[in-house]
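Dear colleague,

I am handing over the structure below, and after it you will find notes on what turned up. Please read the notes with the coordinates open beside them.

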Amino acid sequence: MLMTEARTHQAEAFQRVDATPLPVLLQVQGVTLQYKTPQHLVTATYRVDFDVHEADRFVILGPSGCGKSTLLKAVGGFMNPVEGSMRIRGREISGPGPDRMMVFQEFEQLMPWKTVLQNVLFPMKVSGRFKGADARERALSALAKVNLSKFADVYPHMLSGGMKMRVAIARAMAMEPDILLMDEPFAALDALTRRKMQEELLGLWDQLHFTVMFVTHSIEEAILVGSRILVLSPHPGRVRAELNSTGFGHGSVDHPDFGRLSKRIHDFLFEDELAVEVRS
Amino acid sequence: MATHAAPGLRPEYERQLTDASDVGEVQRPLSLSERLWGSTPFRRFVMLIVLAVVWECYARFLSNPLLFPTFSETLATFWRDLVDGPLISRTFTSLQVLVLGYGAGLALAAVFTTLAVSSRIGTDLLSTLTAMFNPLPAIALLPLALIWFGLGIPSLVFVIIHSVLWAVSLNTHSGFRSVPETLRMSGRNYGLSGIRYVMLILIPAAFPAILAGLKIGWAFAWRTLIAAELVFGVSSRSGGLGWYIFEARAELLTAQVFAGLLTVILIGLFVESVIFRAIEARTVQRWGMQR
């Protein structure tokens, strides 16, 4: 079953590569991000440019401290770049908004005082995007998509980590945002659950073709989940490469192409260390 | 990449799973005694009975009703004063003042914490004021209250406000500050800001701390009230429970003193283990924010 799934991903991928690219959704140009800690002014990213097209599974990959999460937060509107511009559908990003729904790594993102269904309904209601019976219907269908219909009236503390993450994803998807921003969403899960969640995310994408920006530090996860990978250099984050990674699923992990791409990314990320080793 | 050496290589094996159906009962309901002993109210009730028995035995052994009346005598006095004595009206007076002071204290605490979350100056103000006034016992302010407001309810309300305000503000503010960053960001992600952000995200997320503050504030208020009534209950006509105790002491009716104390304890227990317990069960425990 995994193999067939992998093949459909692959088949689709080749069609998509041949086809003309879909319109640009998010445009990031020359963005430098800085934040202050009590002791230092840290430059997280330096003059980063990239475009996210519609229906991209755009992965930002880099070692820790390359500013990838900061970059995602900036797209989310939680910080302003010191230079450069970020536009979504041509509009400058000026603050957080429900058109860019975020999914975080921490399970605390769910409101413990609301049931699963109320959690999914909450952003729809407070943003006024969907109301009443319509909102409820959408919430239930979002929960059905992540296989949590049975748990609609349960409080989050009774769910496992993977289930909490599914609720967070359902909550974000139900809003039908322009772009889904995921900040290492599966990093806190155990390996088996993570793998399952990756498959489910790809399954959802196959149904809905939403646009997602996904931050990770795992090369394997980047190749599996992404359709396009932005490789950032460490400290401060600068763009090292942007690669295609369409056509890989869990079935193709031992495929030679997977290994080649993985090796290529590995070399991008660790070239400094290699250079040091050669020199010494 | 270097391969790691494998010391003492052992043969691999695979097994068929054995049938596990003859383990016996996997799950059985607990017996009645086990369930009773597992229930906290029951265990606490048993504890109360034990304490009452110890009291009764010791008082009988001492046999000095002027110093230490027996449990049964205290209970009888309590019942007598409750049915056709002044106990109910005294309690009512106390509770009235308490509700007034507690409510005003909470309202002020809300104002202070709102100031504290909305600006840095507000935070500094609250921190300084709580650092100054929290260690100051409310009773120590009573002489000042008497000068400012004279004998009567306003003085009592003043000291109760003082005892509630700082404890509740401090707890609420530290509760707000410990709301996880992720949750705050989620809230802002949905476009929440200002008062809606406070009402829909901060207050529920900080509710365990707020509730703890309410409980501490209540206990402080109740203690302060009884103590304040004891101090100047003498010249007040419609006195409260403190005055009831004071009067009984003046007439050396020790059993009545005990009955007054018992009432104070019972009301404290009721608010703590009925009202606050119910709020806890419906909120923080249901939400899994507290065990």
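**The contact between the chains**

The contact takes 19 residues from chain A and 17 residues from chain B, where two residues are in contact if their C-beta atoms, placed from the backbone, lie within 7 Å. On the side of chain A that touches chain B, β6 and α3 (116-127) each supply at least two residues, and the largest share, 3 residues, comes from α3(A). Helices (H or I, at least four residues) and strands (E, at least two) are DSSP runs, numbered from the N terminus. By class, that side of chain A has 12 nonpolar, 5 polar and 2 charged residues; Ala, Val, Leu, Ile, Met, Phe, Trp, Tyr, Cys and Pro count as nonpolar, Asp, Glu, Lys and Arg as charged, and the others, Gly among them, as polar.

Please keep in mind that this is a predicted model, in which local features need pLDDT of at least 70 and side-chain atom pairs count only at pLDDT 80 or more, while totals for chains, interfaces and linings use all residues. Residues are numbered from 1 along each chain as its sequence is written, and chains are lettered from A and ligands numbered from 1 in the order in which they are written.

**Strand β6 of chain A**

**Chain B**

The secondary structure of chain B comes to 12 helices and 0 strands. Its radius of gyration, taken over C-alpha atoms, is 28 Å, well over the 19 Å that the globule rule gives for 291 residues, so chain B is more spread out than a compact globule; the rule is 2.2 Å times the number of residues to the power 0.38. Along the principal axes, the C-alpha atoms of chain B fill a box of roughly 90 × 60 × 35 Å, and 34% of the 291 residues count as buried. Within chain B, helix α10 (residues 207-232) is mostly covered, with 20 of its 26 residues buried.

Best regards

Key:
A residue is buried if 20 or more other C-beta atoms lie within 10 Å of its own, exposed if 12 or fewer, and partly exposed in between; C-beta atoms are placed from the backbone.
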